[in-house]
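Dear colleague,

Please find the structure below, handed over for your files.

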Amino acid sequence: MMWIAPAAAVASCRLSCTSLRIISRGSPTPWPWLFSVRCVRRVSSIPGTTPKEVTIEKDKVYKTDEWMNTPSTILSAIPRRLHLQQDHPIAITRQLIESRFPNYKCHNTLFPVVTVEQNFDSLGFPADHIGRSRTDTYYLNKDTVLRTHTSAHQADTFRANESAGYLISADVYRRDAIDRSHYPIFHQMEGAMTWDRDSLDASTSLKQAVWADVAKIPAHSIDVEDASPTSHPERNPLQECHSAEEVEAIAAHLKRSLEDVVVAIFNAASRAAVAAGETPASPDEPLKVRWVEAYFPFTSPSWELEVFWQDDWLEVLGCGIVKQDIMSHAGVPNRLGWAFGLGLERIAMLLYSIPDIRLFWSTDARFLSQFSSAAPIRRFVPFSKYPTCFKDVSFWLRSSSSAAGGLSRNALSPVDFHENDVMEIARDVCGDLVEDVRLVDEFVHPKTGRKSLCYRTNYRSLERTLTNDETNQLHERFRQQLVEKLGVELR
Ligand code: DAH
């Protein structure tokens, strides 16, 4: 099957492009579902009572079913749309990138509830892809999800065929870990550019038309490492319907356009660093970027762009040549081109030096007043660092034998245990007062075979000092909910 990445490609695609994380070779990917295939589990990720229907933004009503796993805290954040809030760092970052694509049509108000068809099927995700799992994705019902990426709108935007180039910025939703660079709602920008074979004049080939467009992209002088061939028959194949020369030209247009974005972002970030009195990047060490092979179900060949930033390679975006099937199903079989996707939080955190992703959701004037679209980008000045307080919770997972022993019917067996459910409970109980939740210990009892896990929760408010009582109460509720919802046994 085309979309299952060859082992070598999987190994080289460490990360997808949506969270701020420094790439360390061999570390587990934070978004493994883009690359790996596992069985979709149909069990409820967290048992509980489900409303019969949910209403979003007053008039959009969705019937729920046993797939529903979206907590009200997530639903109530939908109207926030940080990417549209005037002078919000996410909105400013969006505008900065949009300014590098002057003739592209911008779609910034697409609704976040989409069908499984839009989010997965239209993009060629296999039926058993882990991304479809209820542990990873918020469902309203079996056919309806909160989009997990802006690519969910690719097919429809190609079908509407309103412009050769487009950008889509939007809020996206994923059940995920809790730490300073992950939040269940974040923002992505999708971009695409296509050419129409049918609208070329008789004397111009598609590749000539594309190369003519490449020449219009502003030149830059950064150091770009691009060691792999544009395509590779096993690792990063050309699609049958594309010639190597066409893909060479489209890949050049894609790479040059995105290098231009990166130059704009990192120049702004360096100016902000200098203005803040930080050591400017040495002129002997100019901005370095590199292209690496990647795998996405909806592009081939595919790449990621990494930037050398603060002593490490940082993945900035994913992209590739759009699968021709997507174009054909969208009724535009004669168009071909490229697409990319990037995480706006990741870029905003780096532009402004914002240390914690939760800050974007703050309505505290001490945060919001620091940003203005009318002024140059400046480093964020933390208004205060409130103390953190960590607490551990250790528990035994339910084993199949104890499940047979008649514990609560709602409880899940160990096979069903998923870390994202622990994260969801922590968010539900503690909201933005939890900074991160990490597995710090795990072991299997040598005699009983039962598995024990210990999670460390860091409590910290970004806006005030938490009292001891408050953290104790939060932690106690967290422990109790773990028992009630996951059927674990506290130790
Ligand atoms: N949708 C991908 C993600 O969520 C990002 C992405 C990668 C978008 C490659 C694209 C693309 O359009 O071509 O991480």
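Buried means under 20% relative accessible area, exposed over 50%, and partly exposed in between (1.4 Å probe, protein chains only).

Please note that this is a predicted model, in which local features need pLDDT of at least 70 and side-chain atom pairs count only at pLDDT 80 or more, while totals for chains, interfaces and linings use all residues. Residues are numbered from 1 along each chain as its sequence is written, and side-chain values use heavy atoms, with hydrogens and water left out.

Overall composition

The chain has 13 helices and 17 strands. Of its 491 residues, 55% are buried. Among contacts between residues at least 6 apart in sequence, 72% join residues at least 24 apart.

Helix α12

Helix α12 has 12 residues, and its first and last C-alpha atoms are 17 Å apart, close to the 16 Å expected at 1.5 Å a residue; the expected span is 1.5 Å times one less than the number of residues. Because 10 of its 12 residues are buried, α12 is largely enclosed by the rest of the structure. Gly431 follows α12 and has a positive phi, near 55°.

Helix α13

Helix α13 (residues 468-486) has 19 residues, which should span 27 Å at 1.5 Å a residue; its end C-alpha atoms are 26 Å apart, in agreement with that value. Its buried residues are Thr471, Leu474, His475, Phe478, Gln481, Leu482 and Leu486. They cover an arc of only 125° around the axis, so they lie on the same side of α13; the arc is that of the directions from the helix axis to the C-beta atoms. An α-helix has 3.6 residues a turn, so residues three or four places apart point the same way. On the other side of α13, Asp469, Gln473 and Glu484 are exposed. The buried residues of α13 pack against β14 (389-396), α12 (419-430) and β16 (451-459). Just after α13, Gly487 takes a positive phi of about 70°.

Aromatic rings and charges

A search of the whole structure finds 20 aromatic pairs. Rings of Phe, Tyr and Trp (its six-membered ring) pair if their centres lie within 6.5 Å, with planes under 30 degrees apart counted as stacked, over 60 as edge-to-face and the rest as tilted. The ring centres of Phe380 and Phe383 are 6.3 Å apart and their planes stand at 90°, so this pair is edge-to-face. Phe380 is buried at 6% relative accessibility, whereas Phe383 is partly exposed at 21%.

The charged end of Arg427 sits over the ring of Tyr183, 4.7 Å from its centre, and that of Arg290 sits over the ring of Trp313, 4.1 Å from its centre. The criterion is NZ of Lys or CZ of Arg within 6 Å of the ring centre and within 35 degrees of the ring normal.

Cysteines

The whole structure contains zero disulfides, a disulfide being a pair of cysteine sulfur atoms within 2.5 Å. Cys389 is partly exposed, with a relative accessible area of 21%, while Cys430 is buried at 4%.

With kind regards

Methods:
Helices (H or I, at least four residues) and strands (E, at least two) are DSSP runs, numbered from the N terminus. Contact means heavy atoms within 4.5 Å.
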